[in-house]
Amino acid sequence: MSPVSGSGRLVLAATPLGDVRDASPRLVEALETAGVIAAEDTRRLHGLATALQVRPSGRVVSFYDQVETSRLPGLLEAIRNGETVLLVTDAGMPSVSDPGFRLVAACVEQDLKVTCLPGPSAVTTALALSGLPSDRFAFDGFPPRKSGERKRWFAPLATEQRTVVFFEAPHRLAATLADAVEVLGPDRSAAVCRELTKKYEEVVRGTLAELAEWAVEGARGEITVVLGPAPVEEKPDLDVLVAEVRQRVADGERMKSAAAEVAEAAGVSKKTLYDAAVRSS
């Protein structure tokens, strides 16, 4: 592994989700001193700077999805020339369902320094507020916009043992939750977190069926959904099943047919149950 070269660097900076007071002193300093500020929305960047009473000294360039690739050469050149490039998105941490990944990957490939100013993240904020298990979780970005694709997207989550966090647009929330009910069942625990850290922050907790019914009325603002782990299915006790097979054999049934019927009803392997019954006889 070759060493990181030069004095330039890319700085990923988390910005407030809503309440400007969540901005860190390091973010304020970086906005004041960075040579280049790459912003997902330059108007929102200037609004943030005004709210923080900061006057950026560096040049500000737009860096949103549609221009991300075309902006890479210029930003990489600035870093190679020793400048600090500060990357900020509209809210939260860059590259988490926001622009940034391609720039970070390019810096890593070219041995350019990358560092981070940690701060607000809708993912971890919603996870903490949800009341759902947080020891193991996954982030899944945005679900597909079309219902059929969205149902296929939900399908692997039917047995997911981790809590899953994802974003959704407010105008698609009701349809997305309805699809989740169809694929994952009505009783799966979940939470919808809306407008985190803002004046009208709201966290609605319940089953998917309850949340889908609530969402029909319409929800506004930034939406983060937290889906609880799939319930763990209890495996049948093999000894109990063997005893049932042996009782049926004692009542006159053939071992093979008794084992097959009991195994099918319990959802276990016919061969496993039959072999266990034979060994116990």
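1. Basis. This is a predicted model, in which local features need pLDDT of at least 70 and side-chain atom pairs count only at pLDDT 80 or more, whereas totals for chains, interfaces and linings use all residues. Residues are numbered from 1 along each chain as its sequence is written, and side-chain values use heavy atoms, with hydrogens and water left out.

2. The sheet. Five strands are arranged as an open sheet in the order β6-β7-β10-β8-β9, and their pairing is mixed; strands here are DSSP runs of E, at least two residues, numbered from the N terminus, and two of them pair if DSSP finds at least two bridges between them. At the edges lie β6 (137-139) and β9 (202-207), each of which pairs on one side only. From one strand to the next the twist averages 20 degrees, with axes taken as lines fitted to C-alpha atoms and angles running from 0 to 180 degrees between N-to-C directions.

3. Strands β7 and β10. Strand β10 (residues 223-227) is antiparallel to β7, and 5 bridges join the two. Within this pairing, Phe167 has Thr224 of β10 as its bridge partner.

4. Glu168. This residue is found in β7 (residues 163-168) and is buried, with a relative accessible area of 2% (buried means under 20%, exposed over 50%, partly exposed in between, with a 1.4 Å probe and protein chains only). Its side chain makes a polar contact with the side chain of Arg172 at 3.3 Å, a polar contact being a pair of N or O atoms within 3.5 Å where, within protein, one must be able to donate a hydrogen and the other to accept it, and where residues adjacent in sequence count only if both atoms are side-chain atoms. Leaving aside residues up to four places away in sequence, Glu168 touches Phe142, Pro143, Leu173, Thr176 and Ile223, contact meaning heavy atoms within 4.5 Å.

5. Aromatic rings. Rings of Phe, Tyr and Trp (its six-membered ring) pair if their centres lie within 6.5 Å, with planes under 30 degrees apart counted as stacked, over 60 as edge-to-face and the rest as tilted; by this rule there are 5 aromatic pairs. The pair of Trp153 and Phe154 is edge-to-face, because the ring centres are 5.2 Å apart and the planes stand at 70 degrees; both residues are buried. Ring pairs also link Phe139, Phe142 and Phe167 into a cluster.

6. Cysteines. The whole structure has 0 disulfides, a disulfide being a pair of cysteine sulfur atoms within 2.5 Å. For Cys116 the closest cysteine sulfur, in Cys107, is 13 Å away and therefore too far for a bond. Cys116 is partly exposed, at 30% relative accessible area, whereas Cys193 is buried, at 0%.

Technical notes: Helix = DSSP H or I, 4+ residues; strand = E, 2+ residues; numbered from the N terminus.
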